[in-house]
Amino acid sequence: MLPALILAVLLPALSLAQDGGIDGPTTSPEAAGYSCDSSQCKLPNCNCASPNPPGGLSPSDVPQFIVYTADDAIQSYTLDSVNQFLAHRKNPNGCQPKITYYTSLNYTNYTLVTDWFVAGNEIADHTMTHVGSPPNDEIDGNLIALNALAGIPLSSIIGFRAPFLNYTVDTLKHLAAARFTYDSSASASIPVTDPNTDAYWPYTLDNGMANNCLNVPGTCKGEPKLPGFWEVPMYAFFDNRGVAGPHLMDPWLDNANGASQVNDSATLEYMKNTFTAHYNGNRQPIGLYTHPIHTSTTYPGVTVSNSTINMINAFLDWAQVQQNVWIVSTEQLLAWVQNPVPVSQLDSVAALKCTTPQVDQAICNGIPANEQGLLSHCDFPDFPFFTCYGCPGVVPTPDDPNPTQDTSNGQQARFRLPANCSTPFWDPIKGQCVCTSSTCQFQDNSRPIGPNGANLTGGGTGGSFTSGAASPTNSFVPFNGNGAVSPLPAGIWLTITLGFIGAMLGWSTIQI
Ligand SMILES: [Zn+2]
């Protein structure tokens with residue numbers, strides 16, 4: 001249990017964190033100095049920054065994507081927090097929505113990263129130790145450690161988000177050089193209804209950046225030129241103050257309309273209004289950019305109100321009963337943007353499908369039911385974790401992201417994922433791929449897309465959240481709730497809490 005004093009310090013810090021979002025436009029046409037010739041810049045490898053849908057599609061032929069992301073450490077409580085909003089939902093093709101988790105490694109439980117990935121979600125880079133303006137080894141080390149200790153294929157880690165959204169021109173250049181596909185740290189800070197909106201569909205940096213031109217030196221006016229490297233802007237919501245009332249991450253923690261306290265009804269109203277402006281306009285994606293800790297019901301010391309949880313579910317319920325609304329990960333969005341097809345052909349988009357790997361052997365492969373008794377427990381004092389891939393001798397750091405395995409207790413070293421096998425089929429104990437045939441790997445669970453996707457969703461009817469109709473109770477099974485991962489030692493919470501306070505205080509000074 002946390003001492004009351006610590007809670008008193010923690011909770012204001014958590015609410016302060018939201019002040020680190022944007023408080024007005026982060027670009028202007030003059031600052032951007034952006035130009036792009038769409039007759040030269042063509043999909044799939046080049047796309048001009050534009051509020052108009054990709055591929056020349058008319059907005060009515062375009063899905064309304066809700067990009068859902070989560071940031072920071074992956075723990076059972078953060079996955080439970082996400083699941084209370086998504087586990088009971090379906091997209092129009094019958095698939096459960098996938099999200100992107102921008103993962104930092106302090107306090108991350110590696111085996112849950114494996115599980116989350118094998119369940120179909122995107123794992124992306126958020127630096128090893130959560131630092132803004134990150135040095136290259138923080139970015140590269142995250143990639144290496146997630147590959148080594150969570151078995152995420154290097155080819156699958158394609159995206160990056162800067163901690164505190166604090167990136168530099170060098171960050172973007174390094175990401176492109178390290179063969180990331182995209183960054184998603186820049187903000188779209190001007191409403192779509194404004195003629196100068198910066199709510200661009202994802203675009204490549206063949207002609208430089210067009211977002212955050214007022215506060216990231218060395219970007220925009222054609223720089224940096226990174227052909228084929230994508231920026232996926234983060235789209236803000238706007239309250240009734242319009243451009244003066246943006247809300248970027250965790251909008252439910254913000255005070256709406258300049259009020260002095262959180263009002264879930266007011267938040268829901270402006271979230272719906274912003275969604276509608278996108279939906280009735282050029283259908284730029286809407287983003288739910290979350291820090292799951294803020295809505296955790298199982299993290300000691302954090303108390304989220306049921307009203308806020310119900311409000312978020314009410315928003316998603318309301319959005320999902322509209323035509324052609326999809327909740328997606330960033331990589332799913334980008335796959336469609338690169339090869340856009342009208343909504344009538346969405347059933348041909350492989351990235352939107354869902355599959356279940358067919359593995360009947362008990363191997364340590366990211367499927368919780370298979371892993372009983374096979375996980376290694378790495379008992380580091382600051383943040384113990386579990387992994388299928390053998391405990392490193394020391395905690396991974398940017399200097400040493402893939403330390404030598406600890407075999408001092410006589411255990412055989414585990415085999416790390418090779419490039420020619422996919423995670424659910426790799427047996428890290430025997431060091432063999434249990435399925436190498438392309439035909440036996442996955443069972444396709446997606447269904448043909450009906451004319452009205454909303455009829456296939458599990459999202460309810462969109463009634464008022466105050467009615468309680470959107471209560472998430474009984475709607476999900478706690479992640480790894482079978483006890484495969486034991487609770488952290490009692491003393492760990494103070495360490496984690498202090499770490500978060502530090503992170504949040506750092507955040508509150510950032511203006512991006
Ligand atoms: Zn973060």
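In helix α4 of this predicted model, the buried residues are Y110, T111, L112, V113, T114, D115, W116, F117 and V118. That makes 9 of the 9 residues of α4 buried, so the helix is largely enclosed by the rest of the structure. Here is a friendly tour of that helix, its partners and the chain around it.

**What surrounds α4**

- After α4 comes G120, which has a positive phi, near 110°.

**How α4 meets α5**

- Helix α4 spans residues 110-118 and helix α5 spans residues 136-150; their axes come within 9 Å and cross at roughly 85°.
- With angles of 65 to 115 degrees counted as roughly perpendicular, α4 and α5 are therefore roughly perpendicular to each other.
- On the α4 side, the contact is made by Y110, V113 and T114, while α5 brings L146, L149 and A150.
- By residue type, this contact divides into 5 nonpolar, 1 polar and no charged.
- An α-helix has 3.6 residues a turn, so residues three or four places apart point the same way.

**V113 and the nonpolar core**

- Setting aside neighbours within four places in sequence, V113 is in contact with I74, T103, T108, I123, L146, A150 and I152.
- V113 also belongs to the largest nonpolar core, which has 108 residues.
- Together with I66, I123 and F315, V113 is one of the residues with the most contacts inside that core.
- The element that gives the most to this core is helix α8 (residues 306-320), with 8 residues.

**The α3 side**

- L79 sits in helix α3, which covers residues 76-86.
- Because 25 other C-beta atoms lie within 10 Å of L79, and 20 or more is the cut-off for a buried residue, L79 counts as buried.
- From C-alpha to C-alpha, L79 and W116 are 8.3 Å apart in space, though 37 residues separate them in sequence.

**The chain as a whole**

- Of its 512 residues, 49% are buried.
- Taking the contacts between residues at least 6 apart in sequence, 71% join residues at least 24 apart.

Notes. Residues are numbered from 1 along each chain as its sequence is written. This is a predicted model: local features need pLDDT of at least 70, side-chain atom pairs count only at pLDDT 80 or more; totals for chains, interfaces and linings use all residues. Axes are lines fitted to C-alpha atoms, for helices over the stretch in contact, and angles run from 0 to 180 degrees between N-to-C directions. Helices (H or I, at least four residues) and strands (E, at least two) are DSSP runs, numbered from the N terminus. Angles under 35 degrees count as roughly parallel, over 145 as roughly antiparallel, 65 to 115 as roughly perpendicular and the rest as oblique. Two residues are in contact if their C-beta atoms, placed from the backbone, lie within 7 Å. Ala, Val, Leu, Ile, Met, Phe, Trp, Tyr, Cys and Pro count as nonpolar, Asp, Glu, Lys and Arg as charged, and the others, Gly among them, as polar. A residue is buried if 20 or more other C-beta atoms lie within 10 Å of its own, exposed if 12 or fewer, and partly exposed in between; C-beta atoms are placed from the backbone. A nonpolar core is a set of buried Ala, Val, Leu, Ile, Met, Phe, Trp, Tyr and Cys residues joined through C-beta atoms within 7 Å.
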